[in-house]
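Open your viewer and get ready to select residues by number.

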Amino acid sequence: MRNLVHPAGLVQTGAGVTAEQRQHYASAGHEHLDSRGHGLPDDLHLPGISSLIQESWRRSAELQANPDNPEAPLAMDRDELEEYRRQHPLAAIMPVIHKLLVLPSYDSGMLVAVGDEVGRLLWVEGDADMQRRAEGMMFVPGADWSEATVGTSAPGTALALGRGIQIAGAEHYKRSVHPWSCTAVPFHDPDSGALLGVVDITGTESAVAPHTLSLVEATVAAAQAHLRVERLQLAAARQSSPPRRRSQAAPQAAHAPASSSLYRNSLQLLGRDQALLSIDGRTVALSARHSEILTLLSTHPEGLNAEELCTLLYAGDASTMTLRAEMVRLRKVLQQLNPGAVPESRPYRLPLDLVPDAGQVLNCLQRGAHRIALEIYRGAVLPRSEAPGIAELRNRVSSLLREAVLTDGSAESLLRYAELPEARDDVEIRLAALKLLPPRSPRRAALVADLERLEAELGT
């Protein structure tokens, strides 16, 4: 709910509710929260608190976030954080963030945070006094500020909802965060649209001023344009100059990321019969068999010997000679794309990190971020593949996502899941959505019609 400036000078939030009243209602609402994971009953509506905040509180309680825990947990130690930041695509946007948000924050008493797609803070910069204060609640690089861990907060809830949001004071789920207010906007890859992270401004009441959300949205747009330009310049440089040996490479600027970190090496499997492999900005469509092999190797980073890979790859009996011939063809494809991606042998293992979208979904589900998982999920893993290892992965991803949406999903999440091809005949999903929709929701009619169709077709 955005703030509106009243002509008399009062900050209002909705119909006649001042910012002071908003905090009063939110503080009163906390009487219904406790540290045992008991949250708001579905039929309880708290006056003066937006439905967005109440729904976030319910999700936080269901995920057993503790409102009385004063600190967020550290998810990465210093060495792990440094390496992760160096390789992350968001490293390339930090000069823009620094210029447009961090430098002004020194005078305004604000903090600027940039986190990854699952809510782990990677950079926290700004006013030194505010940084010292924020350390008390572990609003620091490496800490996990996802909704599943700390409950309602601008970074975590913006990622959960997939849009910009402002959280003021006592609207935070964690009580130690009540002196703070924050505005956050998700950051999407300018080329693929994939969720890469979140940009946040944290401070006192001014952090949720009317103009702050627009400022962060404009900064994110500028940073996306900057990342796209960096990639275009890198592609042009590759085409115009011959490759150089590592020892001859030009030194990196202090704030410039390595060229490889402009991209995230990825394998897109969901809803596709043939995977799309992207490495350092170069993308190739793989054959069905090569899609299966790279999927299995990417989900077994420790490597697989020939017998293990054969078992996961072939439904019937197959000799390792058949596999070796297929690996020779795959190596030729990867050699042309990027020689550094050619798999090693004995065991077969990928020499670089490759992030499959199916793995992202599982990671999000493990952290309780089912909304983000649903955002990434575009359908079953290589749906026509009969490889045993692929079938197992496909069933695991699909069943865990469905279970998470049924258990913790809002009506919106359930309706979105119902649009997936695999959910076309899912009566339970539609009944769950119907139960959560308000009695006068216009979307109920379509659901009832859909259930009548299923009853006629399936006899359910």
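Begin with the lining of the largest cavity, whose residues divide into seven nonpolar, four polar and four charged. Keep in mind that this is a predicted model. The cavity itself has a volume of about 130 Å³. To find its centre, select Glu 147, Ala 148, Ala 160, Gly 368 and Ala 369, the closest to that point of the 15 residues that line it. Now colour α6 (147-150), α7 (154-161) and α13 (370-376): these are the elements that give two or more residues to the lining.

How many cavities of 30 Å³ or more does a search of the whole structure find? The search finds three.

For the next stop, go to the second largest cavity, with a volume of about 40 Å³. Select Met 137, Phe 139, Trp 145, Ser 153, Pro 155, His 172, Val 177, Trp 180, Cys 182 and Thr 202 to show its lining. Seven of these residues are nonpolar and three are polar, with no charged residues.

Finally, turn to a pair of helices. Select α12 (residues 357-366) and α14 (residues 388-408), which pack at an angle of about 35 degrees with their axes 10 Å apart. Their crossing is left-handed. Show the side chains where they touch: α12 brings Ala 358, Val 361, Leu 362 and Leu 365, while α14 brings Leu 393, Arg 396, Val 397, Leu 400, Leu 401 and Ala 404. What classes of residue make up this contact of α12 with α14? Nine are nonpolar, none is polar and one is charged.

How values were computed
Residues are numbered from 1 along each chain as its sequence is written. This is a predicted model: local features need pLDDT of at least 70, side-chain atom pairs count only at pLDDT 80 or more; totals for chains, interfaces and linings use all residues. Side-chain values use heavy atoms; hydrogens and water are left out. On a 1 Å grid over the protein atoms alone, a cavity is a set of points where a 1.4 Å probe fits but cannot get out, and a pocket is an open set with protein on both sides within 12 Å along at least five of seven lines; lining residues have an atom within 4 Å of a point. Grid points are joined across faces, edges and corners, and a volume is the space filled by probe spheres set on the points. Helices (H or I, at least four residues) and strands (E, at least two) are DSSP runs, numbered from the N terminus. Ala, Val, Leu, Ile, Met, Phe, Trp, Tyr, Cys and Pro count as nonpolar, Asp, Glu, Lys and Arg as charged, and the others, Gly among them, as polar. Axes are lines fitted to C-alpha atoms, for helices over the stretch in contact, and angles run from 0 to 180 degrees between N-to-C directions. A crossing is left-handed if the near helix is turned anticlockwise from the far one by less than a right angle, and right-handed if clockwise. Contact means heavy atoms within 4.5 Å.
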